[in-house]
Every structure is written in C-alpha cells, then in structure tokens.
Amino acid sequence: MTARKHKVLMIEDDLDQAQLYGAKFRLENYEFIFAKDGESGCKIAQEQKPDVVLLDIILFNEDGMQVLKELRQNIKTENIPVIVFSNLDKKEIIDEALKLGAVDYIIKSKVVPAQIVEKVAALSGK
Amino acid sequence: MSKTKKQTGEKEVGKSCYLNRNCWLVNNINSLPYKRCQYCELKFHKCLFLQYQVISMVLICFSFLLFYVVDRSISVSAIIIIFTLVIVYGYFFNNSTEKIIKSNFFEKKTKESLKALSDKLEDRVKEQTRDIQKKADRMMKLLEMRSEFLDIASHQLRTPTSVIKGTLAMLKDGDLDKMKPIEKAKFIDGMYQKSIKLEEIINDILMASEMDTAGDKVMKLGDKFDLTELVDEIIIQHVLDAKNKKLKLVWDKPDKLMMMRGSLRYIEEAINNLLDNAIKYTNKGSVLVALTRKKRRALLTLQDTGIGIPIEDQDKVFKKFIRASNARSAYTDGSGLGLFIVKEIIDKHPGAKIWMESVENKGTKFCVEFNLLAESKQSK
C-alpha cells in the first residue's frame, strides 16, 4: 500500500509564486492545489481537505483575512492549519492573523521554498 | 444728542482726537467739540451737551421767573444778564470738567488700546494655534502616508524579490535540474520578468522622489519632438500587452505633425504610464487612444473599459502613494506612484494639463493637453 500524498493548498493571486511553490512541493512529493482567489480557495479546502493551507493576504478583489475567518468558521475547514504567507510585514496584520487562528505568519521574501516545505512537513506530520 | 453706544460709535483710538461720531453736535452742526464728546464717551449715555442745554434752560427760566417776581417785568438788561450768566456758567462748566474728562478719557483710551491689543494678541494666538494644529495634522497625515508608502513599497519590492530568491534557491539546490528543460526555461524567464518588475518599481520610487525634490531642475524642457510619433512608438510597445490580455488597442492616429517642446523622456514616461495603467486595469474590452489638434493645442485621450475609479477616490488618484481602493485589489503590483509622477511631469510643462473622467466598473478616460509649436500645421 502506498503512503498517502500530503495535500497543500495555496491561495495566491500571483501566478509566479504559485508556479514556483507548486514545482517545489511536487518535487517533494506533495499534492499541490492552487486557488487564485479566496472564494475558490474556501471551496477547495472544504471539498479536498488539504493538510495545510498557504494563504496570501492581498488577493484579487479580496482580503485574505476574510478568507482566513471563513476557513476558521467553517466546520469542515476549522482544523486545517493555515499559514499566512504574504509579503506584507505589518505588526497589526501579523497579530490579527495569528489572533484569527493562523498557525504562522511567514514573509515570502524572507524564506526560500525549501523552508516552507519543511514548515509544511512539520505541520502535516510528513 | 450724543448717543454713545460702544457698538455703534466710530472711535478713533490712539489718535489725537477721540471722536464719537454719534454725537448730535458732530452730526448736526459739523463741529468737533471733542471734549464734550469725550465726556459723552466716558459717562456713557450721559451727554454733556444735553446736560448743559437742560441746565441752561432751567437757569434761564428760573432767572426770568426771578426777575418777573422782583420787577414784575423783564427788561432788556435782565435778558442780557441772564444770557451772560448762562455763557459764564457754560465756560466754568466746561473748564471744571476738563481735567476729569482728560484723565478719564486717557484712562479709557489706554484701557481700550490694551483691550484692542489683548484681543489682537488673542486672535493671533488663536490663529497660530490653528496654524500649528493644521501643521501637526498635516505632519500626522504625512507620517501616515509615509508609513503607507513604506508598506506598499516594501510589499511591492518583496513580491518580485521573493520569486527571484525562491527560483535562485531552487536552482542552487538542484531542483530546477530535475525539471524538463522547457519548464526550467519558464522558471528562468519568470525570474527575469520579476527582475524587470523590480526595476520598474525602483524606478517609480526614484522618479517620485526626483519629482518631489528637484523635478524642475532635472526635467529639461527644451526637446522639440512630434507628439504623434512619440505616441505611435508607445502604442507599438504596448500592442503585445493588450494582445496578451485579449484587449482591443485602438490608436486613432492623426495625419498631421504635432510638434511640441518639452522633455521627451518625461513626456514619454507620462504617456507610457497612462497607457500601461489603461491596459493593466482593463480586464476586457478596449483601450482607445486618440490625438487631436485644436489650433495650437493637442489633446491626447486614453479611454479604457476597465475597472474605473470609485468616485470617492477620484480626487486623490493624482496624489502620491494613493491607489484607488479597487486598484489595490485588482492589481497588487502597483506602487501607488504612477499617476503622481504623470501629473507632476505634465504640470511642469507650461500650458499642459491633465484631467480624468471615470465611472466605476465602466472605464476611465484620461485627457492630456499640450501646447504645440507653429510648425505643427504642416501635413505629414
């Protein structure tokens, strides 16, 4: 019996970021799912139950915080660990995200894909 | 009668003569009996002239009555004596009050001068307090704007940086080598595109700073160029961008020369920025660019069918660090400096002006007017 592939959902409006992290996660044998907006991200999270969600804050026509709230409030997604993954380095936003239930807040430019994979591995128990 | 109401009396404080222009004497016989009027001012509502008149009348009547009782008739000499008495009484009445009038008048005048000075000082203090408050508010606003700018700028600089850094890290770790060559090339190209974006953002920040500090000095307005040709070149540079977004880019090109004088580099930057925005913020439909000439003026219009600018943001879009609320969510890569730079460039060209009309979710039209040179009349 083959081990289940861990699923990572990335909610991100920047295609280049998604492409980069998608490639890295796939190389590390993860199932990578990408949603370009919060609405489809929440839907996918409910349907596919990813092990970890990587969520951007500035999304097309949406506020990532709102998406985080929705993920936390929905019974199907409330236990999925959400890492806020943004380039917005503002204390109030970081505090708010953690208060809303994000497991971590990571500044994209301060890490490389390998570090995110490590973080996701620790959270998903891979 | 001298009616001395503070509110109505026209007073000349600090002058040699302190006049109450409500005084009966001043108004009716055009005389300037300043002592009496000063007295009126002091006593408030008690006019010395009236008192003098009343007392004189009483004195005359009493004297006539006395003479009549004593002599049973009034002779001419009695009349002369009575009037002489009245005049002498008037003289002493006047002199006896002079000292009091003078001292009280000056005291009052000093008080009034002090009051006026105090009021003036109070007004100045209030005015300066308002001024300081205004400056403090402005400073707070600038600090907020600076903080917002730093947030935007750092976010925008980090976005391409994180992709470049991430791709390089994967290249370093050998991850890219595990990919198909075509996929690897795509990553390298993505990194290259992000480096261009990074450069654009840095340029925007530098140019905005340049506009702020030495825009007049760095912008040489002596270049003579054909506006039609310049717009034509800019359009060509954007054809591919419009095509990639499946937008119709229409260029209503005039067949006449539009020679103008200005800074070619900066005008190109401004028009380029406007067209870039039009394409960036239009998801479907078209971008129409037109250039028309009216006498010695050229009108360039860029009309798109994009997201538009919300009415509450329309008067702020040309300000620094400001991005329309819908632009922030529609396109995350903007620096919030583009339209500020455009307006600064246009405003620094004599006779040129820029304005816009926009309806949210319908589109935006930017209009720019330039002064043309005489040789613009020639046909191309």
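Analyst: In chain B, 65% of the contacts with a separation of 6 or more are between residues 24 or more positions apart; two residues are in contact if their C-beta atoms, placed from the backbone, lie within 7 Å. This is a predicted model, in which local features need pLDDT of at least 70 and side-chain atom pairs count only at pLDDT 80 or more, while totals for chains, interfaces and linings use all residues. Residues are numbered from 1 along each chain as its sequence is written, and chains are lettered from A and ligands numbered from 1 in the order in which they are written.

Chain B has nine helices and seven strands, taken as DSSP runs numbered from the N terminus (helices H or I, at least four residues; strands E, at least two).

Now for the pair itself. Helix α7 (residues 264-280) and helix α9 (residues 338-347) of chain B have axes that come within 9 Å and cross at roughly 145 degrees. Such axes are lines fitted to C-alpha atoms over the stretch in contact, with angles from 0 to 180 degrees between N-to-C directions. From α7(B), the contact uses Y266(B), I267(B), E269(B), A270(B), N273(B), L274(B) and N277(B). Facing them from α9(B) are G338(B), I341(B), V342(B), I345(B) and I346(B). Sorted by class, this contact has eight nonpolar, three polar and one charged residues. Here Ala, Val, Leu, Ile, Met, Phe, Trp, Tyr, Cys and Pro count as nonpolar, Asp, Glu, Lys and Arg as charged, and the others, Gly among them, as polar.

Chain B also meets chain A, in a contact that takes 22 residues from each chain. On the side of chain A, α1(A) gives the largest share, seven residues.
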